[in-house]
Amino acid sequence: MPRLVEKTLLTHSATAAAITRSATARVLLTAITTLLILYLTISPPSKSTCHSLFLSFSDNATAARHLLALTRRPHVAGTAANAAAAAYVLAVLSSSSLPAYSVSYDVFLNYPIRRSLILSPFPPPLPGPILAFDLVQEIYPGDPYADVAAEVLPTFHAYASSGATAGPAAYANYGRLEDFAALRVAGVNVTGAVVLARYGEIFRGDILKNAKDAGAAAAVVFTDAKDYGGGGRGRFPEGPGMPASGVQVGTTYRAVGDPTTPGWASTSGCERWSAAEMAASGLGPGIPSLPVSARDGEAILRTIGGQVAADDWQGGEGAPLYRLGPGPGFLNLTFIGNETLATIQNVFAVIEGEEEPDRYVLLGNHRDAWTFGAVDPSSGTAALLEVAQRFGKLQKKGWRPRRTIIICNWDAEEYGLIGSTEWVEENREMLASRAVAYLNVDCAVSGPGFQAFATPQLDELLKQASKKVQDPDNSSQTLYESWIASNYSSLIGRLGGRGSDYAAFLQHVGVPSVDMIFGGVASIWGLVALRLADEEFLPFDYISYASELQRSTKIVEDDALGMPVTFAPLYKSIEELKKAATKIDNQIKALERNFLSLNWRKDPLKVRELNDRLMMAERAFTDRDGLFGREWYKHLIYGPSMHDGYGSKSFPGIDDATEKAKSLNTSDSWSFVQHEVWRVARAVTQAALVLNGKFT
């Protein structure tokens, strides 16, 4: 073959091969592009994108519709109206494509049958005009719910003792221990009297206990206009103050959960305490009582004579002069209650985690209310449902949480956190081994501003989340900016009191917890949940926890200054905790620096092990024996005050022992304080060991 022909053929062959290669490349490129487009189309968005989407789904109109539906009728626990509210919540959760269900318990509740309160200006048989209080909260002109107002239960104290009694009226300020001590110093004997105390400083159940211990025959608790009159801004409906006929209703049981099943769940056919056993526990009030309005309280005060009360015991502008008594005003009080087992319903929805389905992030709010519950709790329930619906929308975008999210709607909270407590008691071991955190909202909206309470390892997470959420009252700033500009003495409070449904999770089991109120709650609530459910490493900060414990130790140390007690063991254990917290923090940072390392990505067990140490450290702050005399409360760092169930205390066992030792001032009593210091120190050391993740 001539060289020219050969060269031509070679050229044609090379050209054909090049064309073939080019065509193959185009086909391959097209295939890759198609696959990439397909992947981008069907692959789920990143977690951070999902979190931004969650915030963009904010819809006040949806929350408003839920609030309207939930507040159409009064819905006290155990009533048909509250069962209907439970059905509504279940339907909304189900319609959001979330697997939803309810769990029922039969629990001990009481309802008012007969009440009366009669005031005479003088004790019998002296003559005088008699005032029989109607004990009715008046309907204001234009009330849109006037047609169902008759369904509102008469005002009463839940679990108040039934009975009829009479005695001279005596004024006891806020009914605190120090108030009754002041009466004794003033020579005022309240034995056999009907004590009048104003609500607002301590839990009402503790007011009644203090009155009973002082010898009172009964108690009347009123809402003083000084505390609840609106502070010069007017009364409802013109202002935020409680109406003159408004009454603060609530429970008087000084524990949580069903009074007949202390420490175990009220399941079908379970063991129950008898009425005698409940009475012997001393957790009920032990005397009859009634709540009354500011107007009725002032009417009683006008008939009380004797010594003039101290300035800080007086009322506000326009109030009568408050005197101590007892008498000559004389009260006849009757309360008869119907005590019964009633069915309550907790409602749940579950979003199963994709990678760690056996780790749980729980969001909770209660549903029952003493009346319509527009603020407490239905604003929170409406926010909970909005959060759930946003989660449902995220799922349609392809999002799946790393860990399981459980949405909880509790019943019978107002009677004493019953729904949440019974469920926690029934599922205690599962929660103890698998719960990451519990996020509670009771009142989502009650005015401007934002408040948060938490266990300290969640502080930084709350701050970070608040920086991502717009302030609903001022679109020019974030929630964090308005939060730090607020007048609250501490940015984040602690969860020692038993004021809402976080109590069983934190104080009985030791689950890290948050409670939030006011302003933009649905967005920050859901965002905190998403961070806890989605992040590779749990966003817990135990270094700040250790610092908080050091500050708290200084407070209790100062309280026992000059006494034969050393806090050196506790300070030492806190230092161990801080070292362990720093160590695990450095371990996590090292793994995050090597995020692209194939070796690390092939070792998910290491991630799991680190997270388990973070999750379980809070459990180590609990003690199986619980607080002395209050064994249900297992947490030694945060718990309610002995003399105020709503009051939050750091190191409640140490505080209880110190207060008792101050009163007795014996070597044994101060030795017991030292024992409590050692107990807490041992618990903190256990938490340090958990964070270290190694045996001694």
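These entries record what I looked up in the structure above.

**Ground rules.** I am working with a predicted model, in which local features need pLDDT of at least 70 and side-chain atom pairs count only at pLDDT 80 or more, while totals for chains, interfaces and linings use all residues. Residues are numbered from 1 along each chain as its sequence is written, and side-chain values use heavy atoms, with hydrogens and water left out.

**Helix α11.** The buried residues are Ile418, Gly419, Ser420, Thr421, Glu422, Trp423, Val424 and Glu425. I then noted that they pack against β1, β9, β10, β11, α12 and α15, contact meaning heavy atoms within 4.5 Å.

For aromatic pairs I used rings of Phe, Tyr and Trp (its six-membered ring) with centres within 6.5 Å, planes under 30 degrees apart counting as stacked, over 60 as edge-to-face and the rest as tilted. The search of the whole structure finds 30 such pairs. Phe203 and Tyr646 form one that is edge-to-face, at 5.0 Å centre to centre with 65° between the planes. Phe203 lies in the loop between β5 and α6 and Tyr646 in strand β19, so this pair ties together parts 443 residues apart in sequence. Phe203 is buried at a relative accessible area of 2%, whereas Tyr646 is partly exposed at 36%.

**Helices α2 and α16.** I checked the axes of α2 (residues 47-56) and α16 (residues 521-534), which come within 10 Å and cross at roughly 165°; axes are lines fitted to C-alpha atoms, for helices over the stretch in contact, and angles run from 0 to 180 degrees between N-to-C directions. That makes α2 roughly antiparallel to α16, a term for angles over 145 degrees. The contact is made by Lys47, His51, Phe54 and Leu55 of α2 with residues of α16 including Ala522, Leu527 and Asp534.

Note on methods: Buried means under 20% relative accessible area, exposed over 50%, partly exposed in between (1.4 Å probe, protein chains only). Helices (H or I, at least four residues) and strands (E, at least two) are DSSP runs, numbered from the N terminus. Angles under 35 degrees count as roughly parallel, over 145 as roughly antiparallel, 65 to 115 as roughly perpendicular and the rest as oblique.
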